[in-house]
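Subject: Structure handover, salt bridges

Dear colleague,

Here is the structure you will be working with. Please open it next to the sequence before reading on.

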Amino acid sequence: QQNFITALISAVIVYGLYVFVGNSGVISFGQISFVAIGAFSAGLFTIPTQPKHFVLVGLWSFIADHTVSNFVSYLIAAGLGAVVALIVGLPLMRLSGIAAGIATFAVLEITYNLFLQWTKIGPGPTTLSLVPTSVGVWQALIGAVVAAVIAFVYQSSRRGRLLRASREDPAASQAIGVNVTRERWLAFTLSGGLCGLGGALLVHQLGSITVDQVYLELTFLTLAMLVIGGSGAPQAAR
């Protein structure tokens, strides 16, 4: 059962990857950064305040003094993932090819080191524990369905079609008025939100998280899932 839940949560993350990578054709190694942001934000905000003050003494006060429900933590995780993607995507989406891949990998490295070293936003190199475990089969299934629907609606929308046009022929799409940078930026932001949701589901399944669990292994695993499944599979099926 836990393996099935893990597969559903991985599907949420892969749907997030598809929204950007599948539609834009730009390989991104940085989407797991938003999974990490979602996981740690959802975990920190759902730990009760009393043990949080005792175990995580260096946290910022607005994190240490507030606790929310698991459902609200999903919204916070998705929102933070989208906002961070919105900010970092503005300069990154001007890049293509190898330069874009290197830049997104740098985002992953920066996020990893921030969570590893900055104890005001997390436990640092230790494990974030005491997170309520609430994600079962139904919660993971609902999360996967929601992510799939969002990914399908986006790729069927005008925005999705414009982005795929820029993937097939950037020069021709720009010639007919498509703002390639803007379309990539919007997809990157939506992808960040879905990946943040995946991170929240992951931490509420495990009850704990470390920075190494949302780093290279998960990055290449989810990219492999996307490639094996076919980055253009939903479009082809349509």
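The notes below cover the salt bridges and the exposure of the residues that form them. Please keep in mind that this is a predicted model.

The structure holds three salt bridges.

Glu183 and Arg159

The side chains of Glu183 and Arg159 form a salt bridge, with an N to O distance of 2.6 Å. This pair links distant parts of the chain: Glu183 lies in helix H10 (residues 180-206) and Arg159 in helix H8 (residues 158-168), 24 residues apart. Glu183 has a relative accessibility of 1%, so it counts as buried.

Glu183 and Arg182

Glu183 also forms a salt bridge with Arg182, and here the closest N and O atoms are 3.5 Å apart. The cut-off for a salt bridge is 4 Å, so a pair within that distance counts. Arg182 is partly exposed, at 38% relative accessibility.

Glu168 and Arg167

Between Glu168 and Arg167 there is a salt bridge whose closest N and O atoms are 2.9 Å apart. Glu168 has a relative accessible area of 58% and is therefore exposed, since exposed means over 50%. Arg167 counts as partly exposed, with 24% relative accessibility.

Regards

Key:
Residues numbered from 1 in each chain as written. Predicted model: local features only at pLDDT ≥ 70, side-chain atom pairs only at ≥ 80, totals over all residues. Heavy atoms only, no water. Helix = DSSP H or I, 4+ residues; strand = E, 2+ residues; numbered from the N terminus. Buried < 20%, exposed > 50% of the residue type's maximum accessible area, 1.4 Å probe, protein only.
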